[in-house]
Amino acid sequence: MSEMLKASGLFKSYKMGQTKIEVLKCLDFSVRAGQFVAIVGASGSGKSTLLHILGALDEPDAGSVQFEGKRLDKFRAGELNRFRNKMVGFVFQFYHLLDELNVLENVMLPAMAQSSTIGWLRRRIGAKKHAKSLLERFGLADRIGHKPYQLSGGERQRVAIARALMNKPALLLADEPTGNLDSETGNGILGVLEELNNDGQTIVMVTHDDRIAQRAHNVIRLADGKIV
Amino acid sequence: MYKLILPTRYFLKRRITYLAVVAVALCVFIVVVVMTVMNGLVSEFKGKNHDFVGDCIVSTESLVGFAYYEDFLKQLEKQEFVQAATPVVKGFGLLTQPGTGRNIGVEIMGIEPAGFCEATKFAQTLYYHKENPSDAFTPTYNPTLAGCVVGIDMISRSRDRSGKYYHSSEPMRIELMVTCFPLTAKGALAKAATDLVNSKTIYYSDDSHTGLVKVDARMVYLPFELAGELFGMAGATPRASAIHIKFADGTSLKTGVGRVAKMWKVFAAARANQKYANLLKNVTVQSWPDYRRSSIAPMEKEQMMLILLFGMLGIITVFIIFVVFYMIISHKTKDIGTLKSVGVSRAVIVQLFLTFAALVGLVGAGIGAGAGCGFLVKINDMEDWLFERFGWQLWDRTVYAIGEIPNDIKWEVLAVIMATAVLAALAGAFLPSVRASGQRPVEVLQVNQL
């Protein structure tokens, strides 16, 4: 398996008043294509910050992230937008679905974001078909016209996963995807992620729960900003 | 597509948006109504100033007048761009109503009624001689008497509740005496010793209602020859105070005035060595708005003040939109973070919120303009209803010389107001949008997770 993601010497700190808090301290690790990696750590250990840096939502103070051999810090703003749109898919703990859009529109959002209005008119039929197939796969075929507030927590997270997969990204980044769900629903979501990984999807998941982390192939344990 | 869907949904789903729409609609409504009414009043006022003067006026401020006006009139009458031209004698005098002890200082205009009515819209201001203005100085109760037309407010006349003047079917016999100082061409009093003034008994034959208080309360119109005698301007070399000219259709005011000025320059130069040539030096050629500048300018100043006030109203609208958008966007930080996480650029986020603002502006402007137009269409009916029910009039007709409240909607003005409203909405939303687009997704999404 080829190396998809490589983090080298990552440093990140935040200022809280006069105090400087070092969140990440010289992290080095890599993720190979097709792996299911779990980043585990206690609350405040810097795991979410690390995930955001890997997905180019945040920048490290020092060090670099390479995606398929290309350094993210060398990307221009437009290239970073394209990277976030096509190469990675995010799944958040609180789903972050747009309340004004229905389920189908939420799932199609990444596809819409990559097209101009005219371009979207041309490819909307194909995109709609793909979005529907994703929703069918996750058991949400009868929910496409519903608004997020009409769904249960588990359904919302499955919609968020479908949205993350809409543009067929190489890497899926999941930040505590089960953190807001009961254990049964959380197991269901983990099952979905495992199934995706079995189909070849590379996944990096952040969790504070060791039992959940055991479902991944590789576990990166963070403590005090370092890999332990 | 989401660039249209999302702003439309924000617009429809966020109740706070209605506040911004109402703010825009109210501002547009007020501006449309007040601008239409004020513009109407100003243009009506200007029109009234034009009613009793020609398009172009060749005149002198001197009470002595200027000579050779007949020669210049002949030249004017030959011009294809001149439809009518008529001389006017102007001066001041005292008007006395014998037996009443009432006397007032007045402005006197000596006119040739037929010619003056051709060069101006004076006939429309008359009451009894609208159809036959050449007989304006013929009292119907005794055609042999010397008649005069007086400003409508100079004769005590009652009005109805709506402000309309009562007129009897025939003009009343009212005897008046006019007294003037006759002046020589050099400006000296024409008569010596005790006989310094000219007095003449005249009879009311009609009244003129121009709608301008200063004119209707101070102006007396006399036959041209009579006024010339009273002011000492008749004689071997008769003098006039002004020539009023009406241009032929298709002649622009600027072109016509320019041509008359050129003609006057040549005319005055040709008589530079003649007797009374010095009187020609003070003669000016003016368009009617310039001639009536002192009357029109204050109204135009008021209009300018009103535009400034509306500018301030526009700033308030921008501020309201700014506050509303600031609130909306502060509630939408999660969406901004989510959009950025799926690769939406900063510029597109600004575009999304500006589209939202444009919708607020367009719908607000549409509602405001619609309500404004509806209100204007019914404004006179509403005023009539208020007057009939409560005796209340928006503009007291005994003070304001208007018939109906002007409600002629100028579509180009409406379009400008609506476009300005949309721009104001965009301006109000711009800063919050730019600020929102600059938010780092990681901060927004993490904060929302706490």
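Two residues count as in contact here if their C-beta atoms, placed from the backbone, lie within 7 Å. The model is a predicted one.

So, B:Thr355. This residue sits in helix α13 of chain B. Setting aside neighbours within four places in sequence, B:Thr355 touches B:Lys3, B:Leu4 and B:Pro7. Is B:Thr355 buried or exposed? It counts as buried, because 20 C-beta neighbours fall inside 10 Å, and the threshold for buried is 20 or more. For a sense of scale, take B:Pro139, which is 216 residues away along the chain. The C-alpha atoms of B:Thr355 and B:Pro139 are separated by 71 Å.

That brings me to the domains of chain B. Domain 1 is made of two segments, 2-47 and 296-449, while domain 2 covers 54-291. The C-alpha centres of domain 1 and domain 2 of chain B are 50 Å apart.

Next, helix α11 of chain B, residues 293-330. How far apart should the ends of its 38 residues be? At 1.5 Å a residue the helix should span 56 Å, and the end C-alpha atoms are 54 Å apart, which agrees. The buried residues of α11(B) include B:Thr317, B:Val318, B:Ile320 and B:Ile321. Further along, B:Phe322, B:Val324, B:Phe325, B:Ile328 and B:Ile329 are buried as well. As a reminder, an α-helix has 3.6 residues a turn, so residues three or four places apart point the same way. Which elements cover the buried residues of α11(B)? Among them are α2 (15-51), α13 (346-390) and α14 (411-437) of chain B. Helix α13 is also where B:Thr355 lies.

Now the strands in chain B. Strand β1, residues 56-59, runs antiparallel to β11(B), and four bridges join the two. In that pairing, B:Ser59 stands opposite B:Thr284. Strand β11 itself, residues 284-287, has two faces: B:Val285 and B:Ser287 are on the covered one, B:Thr284 and B:Gln286 on the uncovered one.

Over to chain A. It has seven helices and 10 strands. Its radius of gyration is 18 Å, close to the 17 Å from the globule rule for 228 residues, so chain A is as compact as a globular protein of that length. Along the principal axes, the C-alpha atoms fill a box of roughly 50 × 40 × 40 Å. Of the 228 residues in chain A, 48% are buried. Taking contacts in chain A between residues at least 6 apart in sequence, 73% join residues at least 24 apart.

The sheet to look at in chain A is open, with six strands in the order β6-β7-β8-β3-β9-β10 and mixed pairing.

Last, the interface. Here 26 residues of chain A are in contact with 24 residues of chain B. On the chain A side, the elements giving two or more residues are α1 (47-54), α2 (77-87), α3 (103-113) and α4 (117-137). By type, that side has 11 nonpolar, nine polar and six charged residues.

Methods. Residues numbered from 1 in each chain as written. Chains lettered and ligands numbered in written order. Predicted model: local features only at pLDDT ≥ 70, side-chain atom pairs only at ≥ 80, totals over all residues. Expected span 1.5 Å × (residues − 1). Buried ≥ 20, exposed ≤ 12 C-beta atoms within 10 Å, placed from the backbone. Pairing = 2+ DSSP bridges. Rg over C-alpha atoms; globule rule 2.2 N^0.38 Å. Domains from an automatic or database assignment. Nonpolar A, V, L, I, M, F, W, Y, C, P; charged D, E, K, R; others polar.
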